[in-house]
Amino acid sequence: MTSDQQQVLLGTILGNSKLIYHKEGCQLLMKSNSKDWLSLKVSELNNLKGDYSKSHGNYYWKSEPSVELNNLYDQCYLNNSKLILMPTLDILRDIALAIWYCDTGALVGRTKTNACLRIQSLHGTEDVICQFFNEVGMKCKINWVRQKPTIVFDKYGTITFLKIIGPYIPEFKYNLLF
């Protein structure tokens, strides 16, 4: 697995995808309402084999079991739940952050000038995630909406975040930038 593929996987796992543990190797399950977005991520993970399906308006891609994914599972999961700690966040690059944002992000606020990351699938690690972004100069806070955590960047945190990830946002996702 290349370094870029690892970043794609990390961004995907931080987003709305998950790893499923099996004895013969972990499986990656990705979901999106955009087949183009799903296909783009799958093309970056050309070392994994898998199948597409569609159900209830969403597209799915499920990899075949792969031992290559086991280390990532050990890094990002505890007792079959996502557990994202600072060492994992510290290795994120622009590619992983862009994928995470394309999976769960949006511009919010009255004037749509604050980037946010919906992190409900990472429940229990929201403080660590917020601390990470604040430590790297992207000021943010945790907002709770219907008991679901969301990271919301302030004006300058948003500018910095979007400047870092902007070059990696595909054209059909530009609505996330403006």
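This is a predicted model: local features need pLDDT of at least 70, side-chain atom pairs count only at pLDDT 80 or more; totals for chains, interfaces and linings use all residues.
His22 sits in the loop that links strand E1 (18-20) to strand E2 (27-32). Along the chain, His22 and Pro65 are 43 residues apart, yet a separation of 7.2 Å is found between their C-alpha atoms.

Strands of a sheet pair through backbone hydrogen bonds, and they may do so in a parallel or an antiparallel way. Here, E1 and E2 pair in the antiparallel sense, with three bridges between them. Within this pairing, Ile20 has Gln27 of E2 as its bridge partner. The open sheet as a whole is formed by four strands, which follow the order E1-E2-E4-E3 with antiparallel pairing. E1 and strand E3 (50-55) take the edge positions; each has a single partner strand, so one side of each remains without a neighbour in the sheet. From one strand to the next, the twist averages 25°. Helix H2, made of residues 35-44, lies across E2, E3 and strand E4 (58-63), and its direction is at about 150° to that of E2.

Attention now turns to a pair of helices. Two packed helices are described by the angle between their axes together with the distance between the axes. For helix H1 (residues 3-14) and helix H5 (residues 94-104), the axes come within 7 Å and cross at roughly 30°. Because angles under 35 degrees count as roughly parallel, H1 and H5 are roughly parallel to each other. The crossing in which H1 passes H5 is right-handed. On the H1 side, the contact is made by Asp4, Gln7, Val8, Leu10, Gly11, Thr12 and Leu14, while H5 contributes Ile95, Ala96, Ile99, Trp100 and Asp103. By residue type, this contact of H1 with H5 comprises seven nonpolar, three polar and two charged residues.

A last stop is Thr150, which belongs to strand E10 (residues 148-153). Thr150 has a relative accessible area of 12% and is therefore buried, as this value falls under 20%. Leaving aside residues up to four places away in sequence, Thr150 touches Cys116, Leu117, Arg118 and Ile119, as well as Lys141, Ile142 and Asn143.

Note on methods. Residues are numbered from 1 along each chain as its sequence is written. Side-chain values use heavy atoms; hydrogens and water are left out. Helices (H or I, at least four residues) and strands (E, at least two) are DSSP runs, numbered from the N terminus. Buried means under 20% relative accessible area, exposed over 50%, partly exposed in between (1.4 Å probe, protein chains only). Contact means heavy atoms within 4.5 Å. Two strands pair if DSSP finds at least two bridges between them. Axes are lines fitted to C-alpha atoms, for helices over the stretch in contact, and angles run from 0 to 180 degrees between N-to-C directions. Angles under 35 degrees count as roughly parallel, over 145 as roughly antiparallel, 65 to 115 as roughly perpendicular and the rest as oblique. A crossing is left-handed if the near helix is turned anticlockwise from the far one by less than a right angle, and right-handed if clockwise. Ala, Val, Leu, Ile, Met, Phe, Trp, Tyr, Cys and Pro count as nonpolar, Asp, Glu, Lys and Arg as charged, and the others, Gly among them, as polar.
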